[in-house]
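Subject: Structure handover

Hello,

Here is the structure for you to look over. My notes follow below it.

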Amino acid sequence: MSSGPPGPSLALLEGTENSLLDLVDNLLNRGVVLSGEVIFGLAGVDLIYARLSLVLAAADRVLPKEDLE
Amino acid sequence: MSGLYVYGIAGAGIAAPLGGGLAGEPLRWVAGGAVRAVAGELAEPPAPAPAALAAHDAAVRRLAAQVPALLPARFGQFLPDEHTLRHWLTAHARELTAALERVAGCVQMTLRVFAAAAATAAAPVEAEEIAAAAEAGPGTRYMERRRREVERLHSLPEIAALREALRPLLRDERIERAAGPGRLRGTAYDLIAGGEVAEYSRIVAATAPRLTGCRVTASGPWPPYAFAPRVPA
């Protein structure tokens, strides 16, 4: 579903990219955390993350963090 | 190293058929205090590939449909054994119970706000804010600046009209303004009653096209991932 210039009828979960973005955001950046260390096995290598942070890649792919200080 | 992979937290209640998890493993309830978790035995933690994420979400959605309230677990919650899980549930039963009451019967809708192609400026600072800040002392100015920064991090004035139109449906909301100069302005996670999805969609479809300088996409319904409590791991 999107706004902007009048166009095709709106639909939820518009586009594969938007769906994957929401899936990654919800599952890797939200939800209950039970384990301080989340260990992913990836190609035979255990990756240990003390903290997961997700950079949402939308049209710009990478959003650098803003320094508020 | 095998362990328990957790999909979500629910309250105490009648047993429901749980089916299989993302790897087809049988799922079971693990109780701790007044709450219980849904978990399955896996030989190793799953890799965060798109297919695994989708399978985790599918399992969570199926479980959410079978209980009055479910707090989805983040992907990758892998604990060594049932004892560890029971201990964690019992230790956080109070916060989890309160969160379950908040999300009962609800789903999450997600709005993402993008600047229109030619508009990349950050949210405007009100002129009266600038004038008030100029009159205050340095300490007050610093505190006011920090307060405004925190407010801006959790506000999307670009879609104020849409937020007002949705207000009657919102049980809770989380707003995160995007950092950086990119086109993503921010995201609003809305908790609404499950029966209000159609009305929510109607309001977004009717109101969002009238917004200027930005474009809004909506997705959902999702299980309430963004409304899971932050409890110590």
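At 0% relative accessibility, B:H56 counts as buried, where buried means under 20% relative accessible area, exposed over 50% and partly exposed in between (1.4 Å probe, protein chains only).

Some ground rules. This is a predicted model, in which local features need pLDDT of at least 70 and side-chain atom pairs count only at pLDDT 80 or more, while totals for chains, interfaces and linings use all residues. Residues are numbered from 1 along each chain as its sequence is written, chains are lettered from A and ligands numbered from 1 in the order in which they are written, and side-chain values use heavy atoms, with hydrogens and water left out.

Back to the histidine. B:H56 sits in helix α1 (residues 50-64) of chain B. Helices (H or I, at least four residues) and strands (E, at least two) are DSSP runs, numbered from the N terminus. Leaving aside neighbours within four places in sequence, B:H56 is in contact (heavy atoms within 4.5 Å) with A:L27, B:Y5, B:V6, B:Y7, B:L22, B:A73, B:R74, B:F75 and B:Y225.

Next, the core. A nonpolar core is a set of buried Ala, Val, Leu, Ile, Met, Phe, Trp, Tyr and Cys residues joined through side-chain atoms within 4.5 Å. The largest one has 28 residues. A:L34, B:V6, B:I9, B:L71, B:L85, B:W88 and B:L89 touch the most other members. Two or more residues each come from β1 (3-11), β3 (35-42), α2 (82-91), α3 (93-103) and β8 (184-193) of chain B. The most come from α3(B), with 5 residues.

B:L89 deserves a look. Not counting residues up to four places away in sequence, B:L89 touches B:I9, B:V30, B:A31, B:G32, B:V35, B:R36, B:A37 and B:L96.

Now the helix pair. The axes of α2(B) and α3(B) come within 5 Å and cross at roughly 70°. Axes are lines fitted to C-alpha atoms, for helices over the stretch in contact, and angles run from 0 to 180 degrees between N-to-C directions. The two helices, α2(B) and α3(B), are therefore roughly perpendicular to each other. The classes are: under 35 degrees roughly parallel, over 145 roughly antiparallel, 65 to 115 roughly perpendicular, and the rest oblique. On the α2(B) side, B:W88, B:L89, B:T90 and B:A91 meet B:A93, B:E95 and B:L96 of α3(B).

Then β1(B). Of its 9 residues, 8 are buried. Strands pair if DSSP finds at least two bridges between them. Antiparallel pairing with β3(B) runs over 8 bridges, and B:G3 stands opposite B:L42 there. With β4 (residues 70-72) of chain B, β1(B) pairs antiparallel over 3 bridges; B:I9 has B:L71 as its bridge partner. Another 2 bridges join β1(B) to β5 (residues 78-79) of chain B, also antiparallel, with B:L4 opposite B:L79.

A separate note on an open sheet of 4 strands in chain B. The order is β7-β8-β6-β9, with antiparallel pairing. At the edges stand β7 (172-177) and β9 (214-222) of chain B, each with a single partner strand, so one side of each has no neighbour in the sheet. The twist averages 15° from one strand to the next. Antiparallel β7(B) and β8(B) are joined by 6 bridges, and B:D172 stands opposite B:L191 in β8(B).

Last, the cysteines. Over all chains there are 0 disulfides (pairs of cysteine sulfur atoms within 2.5 Å). B:C106 is buried at 9% relative accessibility. B:C214 is buried too, with a relative accessible area of 5%.

Best wishes
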